Amino acid sequence: MSVVKSKIGIMGGTFDPIHIGHLVTAEAVRIEYLLDKVIFIPAANPPHKQDQQVTPAMHRYIMTVMATNSNPYFFVSDIELERPGLSYTVDTVTRLIGRFGAQTDFYCITGADAIQELPTWEKVHELLELCHFIAATRPGCNSTLDDVITHFGLQGRKRIHRLATPELEISSTDIRDRVKNGLSIKYIVPESVETYILKEGLYR
Ligand SMILES: Nc1ncnc2c1ncn2[C@@H]1O[C@H](COP(=O)(O)OP(=O)(O)OP(=O)(O)O)[C@@H](O)[C@H]1O
Ligand SMILES: O=C(O)c1ccc[n+]([C@@H]2O[C@H](COP(=O)([O-])O)[C@@H](O)[C@H]2O)c1
């Protein structure tokens, strides 16, 4: 008897702050790949942002919860917040497999910019044995991903998939700059997130 596996998307990010680009991308991947759910995972200590000042994780976590709560397929996990050290995806996926069991396939969702860096990720070959990667198109990142897929050979061709998603020219960097300069962030973050940023005085 064949067992139908469940499919879970993992949307990891710094989410400083979470924005519509993250949400639209995750929803597009969920629909295209028939995912049962997408778990948003704010990184406590993002490995590639060690040289940057990042907003305390609790604010980023709360904004992620607010942004996702109207979508019944979206969930948020604090799995990386309770773990000290750098937030390596291989540790997160290993723990999720322990929690959900082998009857689940995991799909890490990233933008085409983030996937370019994949060869430098911690224990990346082990990680590619554990999950798939879906690289979503992102404005300003015109790469075809051929380089990164070729880099990993057969493992890359089996595990790294590209998906054309709605292209929204939105970044957390731009949102932080806009707040700092007193410009509107309406409609580029959910209303609840906008209210939270202003109430807490983030990014001033
Ligand atoms: N507009 C977007 N379209 C598609 N993917 C995106 C978009 N913004 C972010 N992503 C992807 O979401 C994941 C988490 O991104 P992150 O939280 O670092 O946001 P960011 O906007 O890239 O932040 P920053 O500007 O601070 O670097 C990454 O895989 C990134 O490529
Ligand atoms: O595991 C790694 O080595 C690794 C290196 C860089 C980024 N990541 C993860 O990729 C996701 C997006 O990262 P970032 O820096 O673009 O917000 C986030 O979940 C990070 O923890 C993971």
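Modeller: Start with a term. A nonpolar core is a set of buried Ala, Val, Leu, Ile, Met, Phe, Trp, Tyr and Cys residues joined through C-beta atoms within 7 Å. Keep in mind that this is a predicted model.

Colleague: Which residues touch the most other members of the largest nonpolar core?

Modeller: Ile10, Tyr107 and Ile109 do, in a core of 46 residues. Take Ile10. Leaving aside neighbours within four places in sequence, Ile10 is in contact with Ile39, Ile41, Val93, Phe106, Tyr107, Cys108 and Ile109. In soluble globular proteins, nonpolar side chains tend to be buried together.

Colleague: Why is Ile175 called buried?

Modeller: Count the neighbours. Buried needs 20 or more other C-beta atoms within 10 Å. Ile175 has 25, so Ile175 counts as buried. Ile175 lies in helix α8.

Colleague: What does Ile175 touch, beyond residues up to four places away in sequence?

Modeller: Pro17, His19, Ile185, Ile188 and Val189. Val189 is 14 residues from Ile175 in sequence, and their C-alpha atoms are 8.5 Å apart.

Colleague: What makes you say that the buried residues of α8 line one face?

Modeller: The buried residues are Ser172, Ile175 and Val179. Seen down the axis of α8, they fall within an arc of 60 degrees, so they line one face of the helix. An α-helix has 3.6 residues a turn, so residues three or four places apart point the same way. On the other side of α8, Thr173, Asp177 and Lys180 are exposed.

Colleague: Which helix do the buried residues of α8 pack against?

Modeller: They pack against α9, residues 191-200. After α8 comes Gly182, with a positive phi near 70 degrees.

Colleague: Why is Leu34 called exposed?

Modeller: Leu34 has 7, so Leu34 counts as exposed. Leu34 sits in the loop between α1 and β2. Its phi is positive, about 50 degrees, although Leu34 is not a glycine.

Colleague: Which residue in the loop between α8 and α9 comes up for you?

Modeller: Tyr187. Its phi is positive too, about 70 degrees, and Tyr187 is not a glycine. With 10 other C-beta atoms within 10 Å, Tyr187 is exposed.

Colleague: Why is Lys123 called partly exposed?

Modeller: Buried starts at 20 and exposed stops at 12; partly exposed is in between. Lys123 has 14 other C-beta atoms within 10 Å, so Lys123 is partly exposed. Lys123 is found in the loop between α4 and α5.

Colleague: What makes the peptide bond from Asp16 to Pro17 cis?

Modeller: Its omega is near 0 degrees. Pro17 is in the loop between β1 and α1.

Colleague: Which residues come nearest to ligand 1?

Modeller: Gly13, Gly21, Gly111, Ser172 and Thr173, out of 18 residues around the ligand. Two or more shell residues come from each of α1, β4, α4 and α8. The most come from α1, with three. By class, the shell has five nonpolar, 10 polar and three charged residues.

Colleague: Which residues come nearest to ligand 2?

Modeller: Gly12, Thr14, Ala43, Trp121 and Glu122, of the 16 residues around that ligand. β1 and α3 each supply at least two residues of the shell around ligand 2. This shell has seven nonpolar, six polar and three charged residues.

Definitions and conventions. Residues numbered from 1 in each chain as written. Chains lettered and ligands numbered in written order. Predicted model: local features only at pLDDT ≥ 70, side-chain atom pairs only at ≥ 80, totals over all residues. Near = placed C-beta within 6 Å. Helix = DSSP H or I, 4+ residues; strand = E, 2+ residues; numbered from the N terminus. Nonpolar A, V, L, I, M, F, W, Y, C, P; charged D, E, K, R; others polar. Arc of directions from axis to C-beta. Contact = placed C-beta atoms within 7 Å.
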